[in-house]
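Trainee: I'd like to learn how to read cavities, pockets and helix packing in a model. Could you walk me through them?

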Amino acid sequence: MNRREFLQVLAVAAASGLPLGAARAQRAGFYDLPRFGNAHFLHFTDCHAQLLPVHFREPNVNLGVAGMAGRPPHLVGEALLKAFGVKPGSPNAHAFTYLDFERAAGTYGKLGGFAHLATLIKQLKASRPGALLLDGGDTWQGSATALWTKGQDMIEAQKLLGVDLMTGHWEFTLGAARVKEVVEGDFKGKVEFLAQNIKTADFGDPVFAPYSIRQVNGVPVAIVGQAFPYTPIANPRYFVSEWNFGIQEEEMQKTVAEARAKGAQAVVLLSHNGMDVDLKMASRVRGIDAILGGHTHDGVPAPVVVKNQGGQTIVTNAGSNGKFLGVLDLDIKGGKVADFRYALLPVFSNLLPADAAMQSLIEKVRAPYAGRLAEQLAVTEGLLYRRGNFNGTFDQLILEGLMAAKDAEIAFSPGFRWGTSLLPGQPILMEHLMDQTAITYPYTTVTEMTGETIRTILEDVCDNLFNPDPYYQQGGDMVRVGGLTYACDPNAKMGGRISDMTLKGRPLEASKKYKVAGWAPVSEEARQAGGEPIWDLMAKYLRERKVVKPLALNLPHLKGMDGNPGIA
């Protein structure tokens, strides 16, 4: 048996509870990553407040259009394995794809968990003196405890983990005052919060430091922060009413030039743009050596090297939910990057012992909420997951709950990319429901909409996902739709992507009004109306239902996508 096969046997054994121990798995080579170069960066992103190990199914639909078609990150399943040379059936195949998910999840166990991540970080830092730990954001949101503590559980975990620098997105949905309170209080002297693209709305002054220059083994390196550019559009504007966001490409070029002028021999961008946006930015902004990216939750095994007028930029994206840790080693010689090595390591909780201090912290912050988290609402007979361009089974469950509770003909649910997965036979606990719904604007709504309004909404969201110019993409997935069926042509122009809308077999009438249920509205008016929180609605629905049968997804009929490796 070769080394890789031996590792797989160990992984199976560990998942089965045999006492082989993580040390033997490490000796088998999975986490033995030789040091390279003289500047080292560890990177995680989009953990969405998941302190414990989780199951998270990767998408089987992640379509690329125009210049992004058939290119990373828009590869799924076997196409992804082939592109990156990942062996089918291996631990990495499970981590990076949806393939044979239920069986593989039973074999290899859960991924992530801050106690296991902490162990891996300590191991890598021991072999990489001076390594910096970068957090790409979406850290303070995504779980019940993060919501109930206003992110404090995650803030304490970040500090214990040793995060050096971070940027943000969902953090801002806790409100500008809360973010500033943390940055100026909890993080002071410990964690730098960077965002070159956030300015005050009145005078255009920087809200946060745009970059930081750190000495790594005697070499000055700059880390530039890029928060999610479309925060006030994708999320309620009222949370950050006095701040302006944006991609701000020209400002980025100026920031990179300034950092270089101050002596930085390498520039690393800590980005929450989304990978398509990062790839375009890399082609246009000179002087960025590497982009450690997030937001779109793409676990990409190897970087994309982008040529530009200043040379080249390597672009990475490190997945989500604490499943991965990116390791970037730069070899800096003569004042510039001569070479690099990069690896995206899956964090298998069965192969890494829990760090005692982090485990203790996790238990402490969860203890006050243990009873609420553990309430069993129902049992699922099928796989429940979220993630995919058009729908997921947990999204479908929410749609059905909305339509039933609100007596609505149609339901909309946001195309969020966060939310953990449940295997068949698992109980649905209150914690799992909150993993799908824990936001600061959870209000449910019922609205009378004309058929034309419904079509306009679908067209608008579809353009956010499939606009051929990445700078006009917002990085989420398509709004999930219940009751209504439709066709979608991602390659069409704005206004021409949505067609064949039907309800109960009849064409939707443009002027007729329909009753539409939804949740997570971004308007100030919806906040003032204060509809029932989605978790209360769904908890009632699940308690009454008790058992959730396998769900059939309501998916659009896709046009023009034959042969696209972003769908399987």
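Trainee: Which residues lie nearest the centre of the largest cavity?

Mentor: Start with the idea: a cavity is space where a probe fits but cannot get out. In this predicted model, 23 residues line the largest cavity, and His74, Asp276, Thr296, Gln473 and Gly475 are the ones nearest its centre. Two elements, α12 (275-284) and α17 (451-466), each give two or more residues to that lining.

Trainee: How many nonpolar, polar and charged residues are in the lining of the largest cavity?

Mentor: That lining has nine nonpolar, 11 polar and three charged residues. The space inside comes to about 180 Å³.

Trainee: And how many cavities of 30 Å³ or more are there?

Mentor: The count is six.

Trainee: Which helix gives the most to the lining of the second largest cavity?

Mentor: Helix α3 (residues 77-84) does, with three residues. By class, the lining of this second largest cavity has 10 nonpolar, six polar and three charged residues.

Trainee: Now for pockets. What is the volume of the largest pocket?

Mentor: A pocket, unlike a cavity, is an open set of points. Here the largest pocket holds about 1,000 Å³ of space. Of its 40 lining residues, Ala234, Pro414, Val461, Ala520 and Val522 are closest to the centre. The elements giving two or more residues to the lining are α10 (231-234), β18 (410-413), β20 (444-450), α17 and β25 (513-519).

Trainee: Which element gives the largest share of that pocket's lining?

Mentor: It is α17, with five residues. Helix α17 also gives two or more residues to the lining of the largest cavity.

Trainee: Last topic, helix packing. Are α6 and α8 roughly parallel or roughly perpendicular to each other?

Mentor: Look at the angle between the axes: under 35 degrees counts as roughly parallel. The axes of helix α6 (residues 114-127) and helix α8 (residues 152-161) come within 10 Å and cross at roughly 20°, so α6 and α8 are roughly parallel. Their crossing is right-handed.

Trainee: Which residues in α6 and α8 meet?

Mentor: From α6 come Phe114, Leu117, Ala118 and Ile121, and they meet Met154, Ala157 and Leu161 in α8. This contact has seven nonpolar residues, with no polar and no charged ones.

Technical notes: Residues numbered from 1 in each chain as written. Predicted model: local features only at pLDDT ≥ 70, side-chain atom pairs only at ≥ 80, totals over all residues. Heavy atoms only, no water. 1 Å grid on protein atoms, 1.4 Å probe; cavity = no way out; pocket = protein on both sides within 12 Å on 5 of 7 lines; lining within 4 Å. Points joined across faces, edges and corners; volume = space filled by probe spheres on them. Helix = DSSP H or I, 4+ residues; strand = E, 2+ residues; numbered from the N terminus. Nonpolar A, V, L, I, M, F, W, Y, C, P; charged D, E, K, R; others polar. Axes fitted to C-alpha atoms, helices over the stretch in contact; angles between N-to-C directions. Parallel < 35°, antiparallel > 145°, perpendicular 65-115°, else oblique. Left-handed = near helix turned anticlockwise from the far one by under 90°. Contact = heavy atoms within 4.5 Å.
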